Amino acid sequence: MVLTELGSKIAGALHRMTESTVIDEEVVDQMVKEIGKALIESDVNVRLVFEIQKKIKKGVDFEALPPGVNKRKLVQNVVFDELCNMLDSGKEPYRPKKGRPNVFMFVGLQGSGKTTTCTKMAYYYQKKGWKAGLVCADTFRAGAFDQLRQNAAKVKVPFYGSYTETDPVQIAREGVEKFKSEKFEIIIVDTSGRHKQEKALFDEMQQVYDVLQPNEVIFVLDGAIGQAAKDQAIAFRATVDVGSVIVTKLDGHAKGGGALSAVAATQCPITFVGLGEHFDQFQQFEKMSFVRRLLGMGDLRGLAEVVKSHGLDKQPELMERLTQGLFSMRDMRDQMTNMMKMGSMASILEMFPGLSHSQLSDADGQEKFKVFLFIMDSMTDAELDHPDIRKIMNASRIARIAKGSGRSSREVGALMDVFKQFQKTFSRMKGRMPRNPQDMQKMIDPRILKQMGGAGGMQNMMRQLTSQFGGMGGMGGMGDLFGGGGGGMG
Ligand SMILES: Nc1nc2c(ncn2[C@@H]2O[C@H](COP(=O)(O)OP(=O)(O)OP(=O)(O)O)[C@@H](O)[C@H]2O)c(=O)[nH]1
């Protein structure tokens, strides 16, 4: 889970603020204090935290507000914006281009997760239909060749390396030339992360860089180091032209907020984050999506990507029913089976509005899901297909299912709770998503609409969203998120 603790603390502070009967300066001050404390605990630089606090307070200057403004919404929006600003590097990373070679050189200290991340990125692009290849130019660490080769084999990405060649520059050049000649589009070069001396490491990096002239140098950074990330990023950038950063190990590390904000402060865009050891525990980093997930607001864009990359959008019947708010236990079983194939559940669940800070997010989703699948295997067809299984559940059914699956009645109850959450999420989708820009316009607060550049700006945004989700059902618009018509996640 991405920074669960930080997210739930900030979301908690916001929630307490919105629950107050009157929203005045005192209430906002308390919320700002709590948010600051949560950020500092996540190792965000103290000075930056003070700045954020000041900006939030300035942004919610009640005295300057015209009457009738919804203070709760305003405060929420200001906090959201300031968190996004904290993660904004202000620079755009290199965007690979289809149909031509895009060479990425990975740099980073040993143990940062560089080799794993090379594989994750190759796999990420391969799943999206790009022709990706991996080159091992780490000749210093004895096991590096085998590690990358085995990783590459696991995700079925072509690999280039040499057991015998000791010159990293030579291998990098040969590997990249080979992949270029075979019309590979994403060519990823893993370089060494350690040397006897730091200078030797930086010299080697520079030599590989000079020869390859990569399209982008990606600096891989361990998120667990918190705000110390700033010095590391600056040191690497002083040697090679680092274009972007991938922050790893954001799963379960309390200091992740510090690392992310520190990197942004160096004006290096973060492109992806690593969320576990699995090759698909890897997500594109986009500040607004990230903050939405952090605060438990869900992330439609990320969800759309997952839906698409796992072919869920190609199950029209299911999608049609989901968008009508119909969701049976069998549907949940099918989806859990699909999701099990993808590694940890946590990163998927946090994309669901309302599930982000749920009981499932903290625990190891995989293990819990296995138990749930055992339990569902002991249900009858009538139970699995019932439009609302909770209506027919009673003590004797629960006891029968528990006995049949070898689990406890409490675990059957927990499954029913999770089912309720899924059902709630999907029923919220029902009929909520507008099908065209005009409908959407009516739903949006006029001040926010103004910020979006008025009706024209919003239509532009809708068009962008349509093209983003366009391949998912052919009908266009976010209403097609799940391939069906009319639904949405509001
Ligand atoms: N929890 C977690 N572990 C990760 C993540 N990324 C990598 N790791 C683990 O971190 C450890 C080091 O990763 P490597 O990929 O071998 O690191 P490296 O930077 O290539 O190391 P050198 O080759 O020695 O330079 C491995 O155990 C990885 O499984 C992540 O996002 N989350």
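Helices (H or I, at least four residues) and strands (E, at least two) are DSSP runs, numbered from the N terminus. This is a predicted model, in which local features need pLDDT of at least 70 and side-chain atom pairs count only at pLDDT 80 or more, whereas totals for chains, interfaces and linings use all residues. Residues are numbered from 1 along each chain as its sequence is written.

**Ligand shell**

Helix α5 (residues 114-127) contributes three residues to the shell around the ligand, the most of any element. A residue counts as near a molecule if its C-beta atom, placed from the backbone, lies within 6 Å of it. There are 20 residues around the ligand, and those that come nearest are Gly113, Thr115, Thr116, Gly193 and Gly274. Sorted by class, this shell holds two nonpolar, eleven polar and seven charged residues, where Ala, Val, Leu, Ile, Met, Phe, Trp, Tyr, Cys and Pro count as nonpolar, Asp, Glu, Lys and Arg as charged, and the others, Gly among them, as polar.

**The sheet**

The model has an open sheet of eight strands in the order β3-β2-β4-β1-β5-β6-β7-β8, with mixed pairing; two strands pair if DSSP finds at least two bridges between them. At the edges stand β3 (159-160) and β8 (282-284), and because each has a single partner strand, one side of each is left without a neighbour in the sheet.

| Strand pair | Sense | Bridges | Example of opposite residues |
| β1 and β5 (residues 216-222) | parallel | four | Val107 and Phe219 |
| β5 and β6 (residues 242-248) | parallel | six | Val217 and Val242 |

Is strand β1 (residues 102-107) enclosed or open? Six of its six residues are buried, so β1 is largely enclosed by the rest of the structure; a residue is buried if 20 or more other C-beta atoms lie within 10 Å of its own, exposed if 12 or fewer, and partly exposed in between, with C-beta atoms placed from the backbone. Asn102, Phe104 and Phe106 point one way from β1, while Val103, Met105 and Val107 point the other way, and all are buried.

**Nonpolar cores**

A nonpolar core is a set of buried Ala, Val, Leu, Ile, Met, Phe, Trp, Tyr and Cys residues joined through C-beta atoms within 7 Å. The largest such core has 89 residues, and those with the most contacts inside it are Val135, Ile188, Val189 and Val263. This core draws at least three residues from each of domain 1 (4-86) and domain 2 (102-294), the bounds coming from an automatic or database domain assignment. Apart from it lies another core, of 14 residues, among them Met332, Ile375, Leu415 and Phe419. Leaving aside residues up to four places away in sequence, Val135 touches several residues, including Tyr160, Ile171, Ile188 and Asp190, a contact being a pair of C-beta atoms, placed from the backbone, that lie within 7 Å.

**Around helix α10**

Gly257 lies in helix α10 (residues 256-265) and is buried, with 31 other C-beta atoms within 10 Å.

Lys249, in the loop between β6 and α10, has a positive phi near 55° in a residue other than glycine, and it is buried, with 23 other C-beta atoms within 10 Å. Gln267, in the loop between α10 and β7 (270-274), likewise has a positive phi, of about 60°, although it is not a glycine; with 12 C-beta neighbours inside 10 Å, Gln267 counts as exposed.

Terms used:
Contact = placed C-beta atoms within 7 Å.
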